[in-house]
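Biologist: I would like a close look at one part of this model. Please take me through the place where the two chains meet.

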2 protein chains.
Amino acid sequence: MKLDEIDVQILKMLQDNGKRSYTDIAQQLDVSEGTVRSRINRLLKEGVFEFIIHMDPNKIGLNVQVIIGIKTKLGHQEAIAAHLNDYPEVRFVGAFSGHHDLILQAYFKNNEDLVNFLNKELAKLEGIVAADVSIELKQYKDSFSYMIQEQD
Amino acid sequence: MKLDEIDVQILKMLQDNGKRSYTDIAQQLDVSEGTVRSRINRLLKEGVFEFIIHMDPNKIGLNVQVIIGIKTKLGHQEAIAAHLNDYPEVRFVGAFSGHHDLILQAYFKNNEDLVNFLNKELAKLEGIVAADVSIELKQYKDSFSYMIQEQD
DNA sequence: TTTGAAAAATGCGAAGC
DNA sequence: GCTTCGCATTTTTCAAA
């Protein structure tokens with residue numbers, strides 16, 4: 001995995017606007033369109049980034065957003081994470097150090113769907129000791145512009 | 001805000017692959033290219049979604065990812081959230097019900113940068129009662145494909 | 001709004017440096 | 001690995017239904 005300065009610049013331009021054209025980026029960086037194209041293809045192939053769309057959950061009818069911290073029985077963490085993966089309502093799952101072994105983020109249409117998820121789905125998973133549900137009241141930031149470092 | 005079935009289908013195709021062309025989408029949905037384009041532009045203007053790139057933090061040198069739950073003094077929440085917003089390391093901030101008033105997600109180059117953030121930046125913000133730091137050990141899911149509902 | 005057709009811009013593949 | 005040059009595809013614009 002290598003990222004030189006041109007790669008970093010390309011990524012910075014794309015994280016500004018995922019629809020920027022090769023030509024546009026090439027002109028700003030003073031390289032050819034072909035260079036930008038081949039580098040973007042390399043970065044995609046290496047899994048450094050991907051082109052996606054980011055939807056506003058509230059505007060597509062997902063009005064209840066939660067973060068749930070889970071304490072698991074020793075040895076059950078991996079299996080629980082794998083199960084959580086299958087729910088389309090769950091958009092993020094990670095294993096963490098700290099008070100919760102697993103932390104997940106999930107989006108629901110309404111409170112009823114959330115309650116059903118907690119009582120019918122989460123409750124039936126083996127090895128969950130405790131689940132801390134935090135309901136999002138207001139979102140202040142949700143950015144995808146990271147600080148990119150050169151790599152070698 | 002209205003989303004009919006065609007809008008939903010367009011979004012579903014785009015969340016599959018953010019680089020799909022108008023032409024491609026139009027053919028699959030059996031409408032004209034112009035229809036797809038005008039709808040995408042409407043959805044963009046209304047802030048329903050945006051074209052972005054999603055980078056793998058580990059592959060751009062951000063190897064330490066954390067979620068921090070913060071308990072704030074009554075009345076300080078809004079100001080603290082606003083300050084957290086300014087840090088490029090912080091990618092998500094939300095106000096929540098539950099054990100933590102604010103929950104944030106942040107990405108750092110290494111543990112030293114994390115410790116500096118906690119001790120030098122977070123520590124100087126007024127009104128923080130407690131901060132629960134959870135360090136990500138393994139990521140199981142990080143999806144941007146949501147369940148899209150029609151709206152009216 | 002949606003369509004269709006023409007013009008402009010962008011993307012793609014190949015060859016040469 | 002970078003560039004340039006044709007050609008293909010896509011995007012954009014605009015008039016009309």
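How many residues does the contact take from chain B and from chain A?

Modeller: Keep in mind that this is a predicted model. The contact takes 65 residues from chain B and 65 residues from chain A. About 6500 Å² of area is buried between chain B and chain A. Carbon and sulfur atoms give 59% of that area.

Now the polar side. Between chain B and chain A, 43 residue pairs are in polar contact, with both residues at pLDDT 80 or more. The count of salt bridges between chain B and chain A is four. One of these four links B:Asp142 to A:Arg91. Here the closest N and O atoms are 2.4 Å apart.

Next, the elements of chain B. Sorted by class, the side of chain B that touches chain A holds 33 nonpolar, 18 polar and 14 charged residues.

The chains also pair through strands. Strand 5 of chain A (residues 128–142) is joined to strand 3 of chain B by five bridges. These two strands run antiparallel.

Methods:
Residues are numbered from 1 along each chain as its sequence is written. Chains are lettered from A and ligands numbered from 1 in the order in which they are written. This is a predicted model: local features need pLDDT of at least 70, side-chain atom pairs count only at pLDDT 80 or more; totals for chains, interfaces and linings use all residues. Side-chain values use heavy atoms; hydrogens and water are left out. Contact means heavy atoms within 4.5 Å. Buried area is the accessible area (1.4 Å probe) that two parts lose on being put together, summed over both. A salt bridge is a side-chain nitrogen of Lys or Arg within 4 Å of a carboxyl oxygen of Asp or Glu. A polar contact is a pair of N or O atoms within 3.5 Å; within protein, one must be able to donate a hydrogen and the other to accept it, and residues adjacent in sequence count only if both atoms are side-chain atoms. Ala, Val, Leu, Ile, Met, Phe, Trp, Tyr, Cys and Pro count as nonpolar, Asp, Glu, Lys and Arg as charged, and the others, Gly among them, as polar. Two strands pair if DSSP finds at least two bridges between them. Helices (H or I, at least four residues) and strands (E, at least two) are DSSP runs, numbered from the N terminus.
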